Each structure stands twice: as C-alpha cells, then as structure tokens.
Amino acid sequence: MGAMSARPNPETAARQADDSAPHRAGFACFVGRPNAGKSTLTNALVGQKVAITSNRPQTTRHTVRGIVHRPDAQLILVDTPGLHKPRTLLGERLNDVVRTTWAEVDVIGFCLPADQKLGPGDKFIIKELAGIKKTPKIAVITKTDLVDSKTLAEQLLAVAALGQELGFEWAEIVPVSAVKDDQVGLLADLIAPLLPESPPLYPEGDLTDEPEMVMVAELIREAALEGVRDELPHSIAVVVEEMLPRENRPADKPLLDIHANVYIERPSQKGIIIGPKGQRLKDVGTKSRKHIEALLGTPVFLDLHVKVAKDWQRDPKQLRKLGF
C-alpha cells in the first residue's frame, strides 16, 4: 500500500516539470502575399482585434504588434505589410520595412491560403525567405474551413516540396482556420519553443505596443474603406491630429475628443468618401467610433475631415507627412 502512494500523480509531475522549464519570449511575424489571412490570424491568436483586416490587399501599413500572453511564453506578433513586386515608391518603402522586420524576428510564419494554388507571388516570398538562413520558418496553411481534406493535403505537400526545392526545411507545417478557431492554439504551441529564453518583454495586460493614435487612425481607415474599396482601393490615409480629454467633464462621465483627417489623392474622390448628403462619412464616424471606444474603454467624440493630398502615394514629402 505504502509503495503505491509513493508513485507521483502524472499531472503533478507534469506541472513540476513545467515550473522548471524556462520562460520564453520573442517576436514572430506572419508573411504571405496580400490577403493570405495574416491579420485575421494575428487577431485569433491575441483574441482581440488589433491588426486591421480587410479583403483588399495592402491595408496593413504599420507594424501592429499583437501580444500573446501564455504561462510558458510571451509571443509578440509583428504584422508587416505584404511583400509584393513594388510599383510605386510607397510599395518600395513597404518592402524595405518587410525585409528589415524579417531580419529582426525570432520566427517567421509564411501564410498560404488553403483555397488558392501556390502562385508566383508565394514563390517570390518563399525565395526571399530561403535567403534568411538563421530564422526558423513555419508554413501556415490558412482558411482550411474553405476546402476539403484532399485539397488541403495537396497544399501541404506543395508547400513542403517548394521548401525543399529552394534548399531549406520548414520548422513546422500547420493547417489552421482562424475564423473557426481551429488549430490556432496548436500554432502558438509550436511557435513558443522556437522563441529565445527570456522573461516577458511586455506587462501582462498589454495587447499591442502601437501608439494609440496609430491604432485609432487604422480603425478609421478601415471604416472609411468599407463600402468604397472598388473605387478607392488604397488611396486613403488617416492622420489623427489630436486626442484630448474634454475639459470640465464629471469624473464618472469622461469624453475623449478625437480630431482626424482622412486624406485622399484627388478632389474627385472627395464625394465618394463623403457620400450623398454626407451620409457615408457619418457612417464611417459611427462605425469607427464603436471600435475606438472598445479599444480605449472610454466614450469618444469623433471629428472627421476629408482633405486632398495630391498623389500622396508617389510623393516622398507627403509620404513622410502621413507617417510612412
């Protein structure tokens, strides 16, 4: 009887082993051609909306970091703009941002949608990845809820073969569906051991280290793109001029005044954004205000103005002024 009780409970043993395992913390980024599901995946891992998502390529302009807090690890997700063959000065700048980020992270996740064949855009990115020798690379097959198991298996084999062809091996190949929250936890489990040993780099409650003004601008921009994607795919930039607490408000009823400018490239686009009788701009304000209040946890008064910044995507001075 005595001998029996000497046997450790497997759960306790596992917990003790965990306690002695070193904590890890580090940076990972998801790459993939525009619209490969990178931002949606970031949001699913963090469990809150931090990266701007849209079904139009190139909406992520800033390095929005989502932070995943786990008992054993802290994973900081750096969201880079999609790498593509650049056509404008803005495109070239965005690609430089991407390469710099890749060189600085601990893990790179390459995202490939399950429902689309490996195309030239994917090969272009994987070739670039093959040149980054030291960083472990995980292939993440996204949007698995859109295909059957045969199509998924073919995609997994295709991405494995392409890695071999270019002379490197994926650290892992993982199918996930961020929308259905399928295997998202497993992906985090696989990334964690690849991070360096380190105490947490951010306080427990933090979800992102982007300055709040930048995140607010992104939320407004996302709402502004909402019904006009076809007419103005990405010729919209938003700059938050100021965020100030309204004076003389009772302590239990604070109000934050946010003044922001929505920039477009041509005067003819102004009517599209403002809409008949200003209705579209009103909708943009209503929609983004909800998200901003959820983000900041305080009631907001949003003051939006539409301004023309001629051909800002091609003009270095304008790009600098608009924060790119």
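**Close-up 1. Strands E1 and E4 run parallel and are joined by four bridges.** The view is taken from a predicted model. Strand E1 comprises residues 24-31, and strand E4 comprises residues 107-113. Within this pairing, Cys-29 stands opposite Ile-108 of E4.

**Close-up 2. Strand E4 also pairs with strand E5, in the parallel sense.** Six bridges connect E4 to E5, the latter spanning residues 137-142. Leu-112 has Ile-141 of E5 as its bridge partner. Together with helix H5 (residues 120-130), E4 and E5 form a β-α-β unit, and this unit is right-handed.

**Close-up 3. Strand E4 is mostly covered.** Of its seven residues, seven are buried. Val-107, Gly-109, Cys-111 and Pro-113 point one way from the strand, whereas Ile-108, Phe-110 and Leu-112 point the other way. The residues on both sides are all buried.

**Close-up 4. Helix H7 (residues 184-191) has four named buried positions: Val-184, Leu-187, Ala-188 and Ile-191.** These residues lie on the same side of H7 because they cover an arc of only 100° around the axis.

**Close-up 5. Ser-198 is located in the loop between helices H7 and H8.** Helix H8 covers residues 212-225. When residues up to four places away in sequence are not counted, Ser-198 touches His-23, Arg-24 and Ala-25.

Definitions and conventions:
Residues are numbered from 1 along each chain as its sequence is written. This is a predicted model: local features need pLDDT of at least 70, side-chain atom pairs count only at pLDDT 80 or more; totals for chains, interfaces and linings use all residues. Side-chain values use heavy atoms; hydrogens and water are left out. Buried means under 20% relative accessible area, exposed over 50%, partly exposed in between (1.4 Å probe, protein chains only). Helices (H or I, at least four residues) and strands (E, at least two) are DSSP runs, numbered from the N terminus. The arc is that of the directions from the helix axis to the C-beta atoms. Two strands pair if DSSP finds at least two bridges between them. A crossover is right-handed if, with the strands pointing away from the viewer, the path from the first strand over the helix to the second runs clockwise. Contact means heavy atoms within 4.5 Å.
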